[in-house]
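This report describes side-chain contacts and surface features. The sequence and the structure are shown below.

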Amino acid sequence: MSARVRTALWAGAGFLGVLFLGGATGFGLLTAAVAVAGMREYLRLAAPHANPLERAATAAWAGVVVLGFLCPDRAVPGLLLVGGGAVFGAAWILGPGPRRDWFARWGGTVGGWVGVAYGLGHLVWVREAGVSAVVFVLAVVWAGDIAAYYVGTALGEHPLAPAVSPNKSVEGAVASVVAACLVGWGVSAVLPTPHGAWTGLWVAGVLNVAAQLGDLLESVWKRSAGVKDSGSLLPGHGGVLDRVDALLLAAPAYAAVLALVGTGP
């Protein structure tokens, strides 16, 4: 059995175990842990010269932002983002003081909290709509990813975003949308999702577009840093960000859709 398959099995089993058995709090803690690991990888890309204390503190704050999604007050995650940005800025001003790279470091770190922690944190709100809602978004994202890979490999001729990700094709992107919509319809027809099957079909299309943009966003981060993978924590898969990149935008998109249709947070 390859390292890629072994990693997928144990990681998938662990995630699904917490999703079904851990309750809202357990799922929130797991999402926070994923955000911390993802933020550490992000910092290696965005701020490779940051000292260990800065990396540890800013990665830990990503977990705090995610845990804010467990609070009944919906404003808490945003307040944690603003508070973290203010404290990080004050630490630089009162400590080493502004440097030539200070603005980029501050903006990059806050951007990481928004892109990684705030994006993933919406999964906690999706979980409030039911376990089936999380299963829906995961199934839609995974189906689109698999279809894009295999169709793109076999039939891809027209590059989708060659400057960002040369291997992605228009054919793969179209197949991704179709597969996501079909799976979204099927999951909504079988499981008690917050919406019906036909609503699930168009919602899956929206999530797929968001997921593909999230994938491309992480590709921009890696391309800017000159690396192939965000990390090596997951053997055969690269880093945590390489596995959750699609969810960075798909999770907020689904939370927004659920709120609009009256079944979400």
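## Salt bridges

Glutamate 128 and arginine 74 are joined through their side chains by a salt bridge, with N and O 2.6 Å apart; the term denotes a side-chain nitrogen of Lys or Arg within 4 Å of a carboxyl oxygen of Asp or Glu. The two residues belong to distant parts of the chain, 54 residues apart: glutamate 128 is in helix α5 (residues 102-128), and arginine 74 is in the loop between α3 (52-67) and α4 (76-94). Helices (H or I, at least four residues) and strands (E, at least two) are DSSP runs, numbered from the N terminus.

The model is predicted: local features need pLDDT of at least 70, side-chain atom pairs count only at pLDDT 80 or more, and totals for chains, interfaces and linings use all residues. Residues are numbered from 1 along each chain as its sequence is written, and side-chain values use heavy atoms, with hydrogens and water left out.

By the rule above, the count comes to four salt bridges.

| Arginine 74 | Glutamate 128 | 2.6 Å |

Glutamate 128 is partly exposed at 44% relative accessibility, and arginine 74 is partly exposed at 33%.

Lysine 168 is partly exposed at 23%, whereas aspartate 215 is buried at 15%.

Lysine 222 is buried, with a relative accessible area of 12%, and aspartate 242 is buried at 6%. Both residues belong to a network of salt bridges that also includes Glu218.

## Aromatic pairs

Seven aromatic pairs are present in the structure. Rings of Phe, Tyr and Trp (its six-membered ring) pair if their centres lie within 6.5 Å; planes under 30 degrees apart count as stacked, over 60 as edge-to-face and the rest as tilted.

Tyrosine 149 and tyrosine 150 form an edge-to-face pair, because their planes stand at 85°, with ring centres 5.0 Å apart. Both tyrosine 149 and tyrosine 150 are exposed. Tryptophan 185 and tryptophan 198 make a tilted pair, with 5.9 Å between centres and 55° between planes. This pair ties helix α7 to helix α8, through residues 13 apart in sequence. Tryptophan 185 is partly exposed at 35%, while tryptophan 198 is exposed at 65%.

## A nonpolar surface patch

Leu160, Val170, Val174, Val178 and Leu182 form a nonpolar patch on the surface, together having about 410 Å² of accessible area. Patch residues have over 30% relative accessible area and no salt bridge; like charges are joined within 9 Å, nonpolar side chains (Val, Leu, Ile, Met, Phe, Trp, Tyr) within 5 Å. Accessible areas come from the Shrake-Rupley method with a 1.4 Å probe; for residues, only the protein chains shown count as cover. Helix α7 (residues 170-190) gives the most to the patch, with four residues. Leucine 160 is in strand β1 (residues 159-161) and is partly exposed at 35%.

How values were computed:
Buried means under 20% relative accessible area, exposed over 50%, partly exposed in between (1.4 Å probe, protein chains only).
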